[in-house]
Amino acid sequence: MRVYSSWTTAGSFTTRPPPRGGRMYAIRDALRAFQRAPVLTGLASAMVGFALFVVGLFALATYNLQLALSVIEDRVEIAVYLRDNARQSEIDLAQSELGDIPEVRTVRFISKRQALARAREELPEFSQLFRDLEVNPLPQSLEVELLPGERSRNVVEKISAAAMGYPFVEDARYGREWVDRLFALRRIGAATTVAMGSAFALVAVLIIGTALRIAIFARREEIYVMRLVGATSGFIRRPFLIEGAIAGLLGGGLAWLMTWATYRGVYAFLFEVAWIPPVWILAGLASGAVFGAFASTLAIGRHLREV
Amino acid sequence: MIKLTSVCKEYAKGGFALRDVSLHVKKGEFVFLTGHSGSGKSTTMRLAHMADHPTSGELRVTGYSSDRITRRALWKIRRRVGFVFQDFRLLPGRTALENISFVLEVTGTPRMNIVPRAQRLLTKVGLTPKAGALVHELSGGEQQRVSIARALANSPYVLLADEPTGNLDDRATDGVMDLFWDINANGMAVLMATHDLELVRRYPHARVLELDHGRLVYDSAAA
């Protein structure tokens, strides 16, 4: 039986269990950290913000590059030229069969007359020539439009080959060189995105980690005392985790603002660009929070091992 | 309370901090741990709250063996062992009351009990009027009293003090020592490391252990 009544304020010999909830303490303490050292935590958030700003700029550039490529890609279609003696029933059958191929969005029939009208409209410099014609030299055709994401060289070649299988088809053209260049450009774009995106993300992680390590280092005495008096590791870690997530979130918000300001500047003074989709922004903010929490967890582990 | 059996502690870079040390601090004892600098006092104190583990031998603290306790479970020992430092290690920028409340808060004391309990602890160390003072505004002796109150916050079984009077003048030293004796008189074991033999001589009823080059060379209980 314990007798040090005048010194024990708990009045119990048993060790209190670790605080189970502790969540409210964690949130309170995380917010208090911002209150107690606003400059340090503000700097950490700013560093996270600048790191993610670089990622944001890269995202803006990548997104616009993707858009530009997809606009060009939309123009990839197959023109199937038909012989003049092709019967309408055969053409209808080919149009239907080609339309049933899963990668095909639509198949339009262009009659000789429509082809001439389009040529007159698109090539006004030859309007006189087109007007003087006694016989329409332009062939009737089927224009095959592909589904987005299905405009690769393989698909185009497969559908062209299928079209060439009909005896009344004169030729099937899709601009092989054009498609090859486009897809080479896409491959380069994808490789650049992966390589540079990974490099930027890695740099951002390192900067975020360093910023939060500095913030945690400033509170190492607190961690030491907590460990010394019997706070559990989870209890100690939690407020720092939340603090890291908040700093990351604030940094993400700052990066978003800076990227948006850059976008407005470019749009107003240089050229027209598109703003990145909301889901990318949400992903950026979430990654800021996750990086922040992760970096804090790593940084605090070292201090927890000290005592 | 604290039992070392044939404990050796080897430095990572080679050489021994402790060699085959066996000692037992029992319930309610007041023990001075003396020795020159580098004799192994601080290593013993670190082992006594399991901030470190012995290289060989057995260490038991308040019933827990160093062989079995995991890092995750260390908090159980830490709440049974209060620790007082030479340099106080109080949290700067906080008041005396906040330093104690902090400990109570992080060890799960219900919120409504924190401040009253912290105030009671400050009263016990004679610092009620200084509860609201920032720690850097307090004298060395007062800071050490806050540190002692903090160490008592978890109602520990044993109080460890590593050179607690090393930074204090004579008057403050007397005040702190009176406090330790008062705590001990109420039944709590106290293990105090000091190199101040003059101080040790003033308390002839205390048990004295002496370390020299990592070996236990004197134990007044055995003499």
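**Entry 1: the mixed sheet.** I looked up the six-membered sheet of chain B and found 6 strands in the order β6-β7-β8-β3-β9-β10, an open sheet with mixed pairing. Strands are DSSP runs of E with at least two residues, helices are runs of H or I with at least four, and both are numbered from the N terminus. Two strands pair if DSSP finds at least two bridges between them. At the edges I noted β6 (81–84) and β10 of chain B, each of which pairs on one side only. From one strand to the next, the twist averages 20 degrees.

**Entry 2: what I am looking at.** This is a predicted model, where local features need pLDDT of at least 70 and side-chain atom pairs count only at pLDDT 80 or more, while totals for chains, interfaces and linings use all residues. Residues are numbered from 1 along each chain as its sequence is written, and chains are lettered from A and ligands numbered from 1 in the order in which they are written. I checked the confidence too: chain B averages a pLDDT (the predictor's confidence in each residue, from 0 to 100) of 92, and 100% of the residues score at least 70. The model scores ipTM 0.84 and pTM 0.67.

Entry 3: I followed β6(B) to strand β7 (residues 158–162) of chain B and found them parallel, joined by 4 bridges. Here G82(B) stands opposite L159(B). Strand β3 (residues 30–34) of chain B also runs parallel to strand β9 (residues 207–212) of chain B, with 4 bridges, and V31(B) faces R207(B) across that pairing. Next, β9(B) pairs with strand β10 (residues 215–219) of chain B in the antiparallel sense over 4 bridges. I wrote down L211(B) with L216(B) as bridge partners, and L209(B) with D219(B). These two strands form a hairpin with 2 residues between them, and H213(B) in the turn has a positive phi of about 50 degrees.

**Entry 4: two helices.** How do helix α5 (residues 140–152) and helix α6 (residues 170–185) of chain B pack? I found an angle of about 15 degrees, with the axes 9 Å apart. Axes are lines fitted to C-alpha atoms, for helices over the stretch in contact, and angles run from 0 to 180 degrees between N-to-C directions. α5(B) and α6(B) are therefore roughly parallel to each other, a label for angles under 35 degrees. From α5(B), the contact takes in G140(B), G141(B), Q144(B), R145(B) and I148(B), and from α6(B), A172(B), G175(B), V176(B) and L179(B). Contact here means C-beta atoms, placed from the backbone, within 7 Å.

Entry 5: I then found 4 strands of chain B in an open sheet, β2-β1-β4-β5, with antiparallel pairing. β2 (16–25) and β5 (64–65) of chain B have a single partner strand each, so one side of each lacks a neighbour in the sheet. Strand β1 (residues 2–10) and strand β4 (residues 56–61) of chain B are joined by 5 bridges, with L4(B) opposite L59(B). Helix α1 (residues 41–48) of chain B packs on this sheet, touching β1, β2 and β4 of chain B, and its direction makes about 125 degrees with that of β1(B).

Methods. Angles under 35 degrees count as roughly parallel, over 145 as roughly antiparallel, 65 to 115 as roughly perpendicular and the rest as oblique. Two residues are in contact if their C-beta atoms, placed from the backbone, lie within 7 Å.
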